[in-house]
Number of protein chains: 2
Amino acid sequence: MSLEIIFLGTSAGVPTTKRSTSSVAVLRKGELFLFDCGEGTQRQMMFAGVGFSRETYIFITHLHGDHTLGLPGLIQTMDMVGRAKPLRIFGPPGIRGFIEFTVRSVGAKPSYGLQISETSTPGSILEAKEYIVRTALAEHGSFALAYALEEKQRPGRFYPEKARALGVPEGFLWGRLQRGHNVRLKDGKIVKPEEVLGPPRRGLKIVYSGDTRPSEAIIELSKEADLLIHDGTFEGSLSEKAREEGHSTALEAAEVALKAGVKRLVLTHISARYEDTKPLLEEARKIFPNSSIAEDFLRLRLKYED
Amino acid sequence: MSLEIIFLGTSAGVPTTKRSTSSVAVLRKGELFLFDCGEGTQRQMMFAGVGFSRETYIFITHLHGDHTLGLPGLIQTMDMVGRAKPLRIFGPPGIRGFIEFTVRSVGAKPSYGLQISETSTPGSILEAKEYIVRTALAEHGSFALAYALEEKQRPGRFYPEKARALGVPEGFLWGRLQRGHNVRLKDGKIVKPEEVLGPPRRGLKIVYSGDTRPSEAIIELSKEADLLIHDGTFEGSLSEKAREEGHSTALEAAEVALKAGVKRLVLTHISARYEDTKPLLEEARKIFPNSSIAEDFLRLRLKYED
């Protein structure tokens with residue numbers, strides 16, 4: 001099992017020939033988690049081979065156009081290619097009105113279900129058997145959310161020798177124990193999972209900051225994440241501009257990563273002024289060595305280490 | 001002088017990796033005429049090197065998303081790159097509300113002037129010294145317009161031998177006569193342009209049908225156009241589907257071109273089902289030999305023949 005992350009759009013407000021506006025796709029066991037949906041996201045999904053029919057959750061950080069303008073076209077295309085599953089969209093207050101107005105006014109009438117949830121207070125917004133999605137408030141001038149996709153604890157490591165010693169025959173019963181169920185042996189004895197498993201293991205965790213100043217809430221949200229995808233619009237010498245516009249410098253993003261103790265940092269929302277992103281990268285790596293700069297169609301795979 | 005036409009998006013409702021949604025740019029003496037503005041048009045303009053600062057007129061045929069969803073992002077980007085000139089947008093009733101809502105809700109506040117004109121009856125909508133833009137009603141189910149960009153008559157051919165015979169010295173005065181002004185010679189004699197020019201010559205004419213069934217109004221609008229860009233969504237065998245969805249087959253578009261006596265036909269709004277467009281092309285050419293199929297970034301140049 002692993003999580004695959006595909007950067008679909010990595011520009012700041014103005015796209016370039018190399019960078020489309022913001023969107024990051026995360027694939028997990030066939031499900032698609034889309035963070036932001038700037039103009040052109042549907043075509044970026046086509047180029048990346050992501051597909052329109054999966055179980056899909058879209059998380060919008062804030063209402064600025066470079067994070068939202070791909071929604072109506074994507075919603076329309078999903079309908080035209082025959083999507084049947086409902087589409088769930090989460091975002092800040094106002095996202096429902098934006099979607100309902102635009103979808104109606106461009107003549108789209110999706111026949112699949114469209115479930116839109118507005119979030120005005122930070123916390124858990126989606127919980128499934130194996131993962132949870134939480135938000136924190138970002139600091140961007142206008143109302144903005146950061147998102148964490150966090151897998152729940154997985155069962156501990158399975159020790160075959162312990163199972164054998166307890167008389168559990170190899171096969172079906174081992175699998176049940178590994179998945180956390182009690183099993184009953186032929187002699188009537190009950191074996192519990194904790195007798196054959198190590199301590200529960202942590203799952204993977206990804207945080208997407210959206211557009212933001214460095215923020216204590218996002219540091220808290222990002223604690224020990226395997227991957228932090230953070231606003232890195234400018235280099236340190238433009239820190240005044242970053243402050244004014246509600247963005248972070250590469251240096252500030254690296255400090256967030258360091259404080260949160262994440263494993264890896266990827267900077268995105270890169271200003272169009274940086275055709276060469278080396279200055280951003282060098283600056284970030286001085287503070288946080290495991291940093292990199294997103295580019296469109298960059299793919300990362302996160303795997304369990306234990 | 002010439003007109004340059006750049007196809008920025010040539011797909012039907014659903015884009016593909018090869019085709020972006022509808023938009024055609026026409027460049028004339030530094031001015032930009034943009035017909036439709038589907039999602040992604042701003043980036044297509046970047047790839048084509050069209051630029052965001054020109055005198056620009058945008059003409060929207062109808063409110064479906066694949067013709068409009070590039071507007072808010074383009075308007076926002078033009079502002080972010082410092083556009084100063086006002087932007088004029090023409091379209092059907094509802095286009096103003098669509099633009100005002102989307103631009104406001106995505107947080108854009110263009111500092112250049114945005115002049116939006118809604119057109120509910122066909123006729124002339126824009127007249128400049130050298131050209132006129134007219135509309136006709138298309139037949140697409142919902143309200144839709146077709147547009148003609150038509151240059152006015154140009155002065156006739158200049159005959160140097162006639163000018164010399166009348167005693168007009170080569171140089172500045174020849175230029176004035178060519179541009180249609182009387183000139184006074186040193187001996188006080190007046191020479192009129194018609195004494196040295198042939199009959200007025202026609203200008204160039206381009207028609208963009210937008211999404212439509214074959215229509216008498218569009219045939220009338222297209223009379224003797226140098227270029228007709230027409231809906232050619234389907235091949236003839238899907239004529240029932242074309243009728244139901246308010247589109248044209250390649251065959252029907254070719255018949256329109258033939259009846260209107262245009263010089264050249266380019267089919268666009270190509271259904272995603274045609275990875276190979278040969279069937280459409282062959283069908284159109286049987287009826288109207290000078291047909292071709294648009295593709296993204298196809299460039300045509302129309303020149304005066306006389």
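Me: How many salt bridges are there between chain A and chain B, and what makes a pair count as one?

Reply: The count between chain A and chain B is zero, because a salt bridge requires a side-chain nitrogen of Lys or Arg within 4 Å of a carboxyl oxygen of Asp or Glu. This is a predicted model, in which local features need pLDDT of at least 70 and side-chain atom pairs count only at pLDDT 80 or more, whereas totals for chains, interfaces and linings use all residues. Residues are numbered from 1 along each chain as its sequence is written, chains are lettered from A and ligands numbered from 1 in the order in which they are written, and side-chain values use heavy atoms, with hydrogens and water left out.

Me: How many residues from each chain does the contact take?

Reply: Chain A gives 38 residues and chain B gives 38 residues, where contact means heavy atoms within 4.5 Å.

Me: What is the area that chain A and chain B bury between them?

Reply: The two chains bury about 2,600 Å², 63% of it on carbon and sulfur atoms; buried area is the accessible area (1.4 Å probe) that two parts lose on being put together, summed over both. In chain A, the most area is lost to chain B by Glu39(A), Arg43(A) and Leu69(A), together 24% of what that side buries.

Me: Why is Ser239(A) called partly exposed?

Reply: Ser239(A) has a relative accessible area of 25%, and is therefore partly exposed, since buried means under 20%, exposed over 50%, and partly exposed in between (1.4 Å probe, protein chains only).
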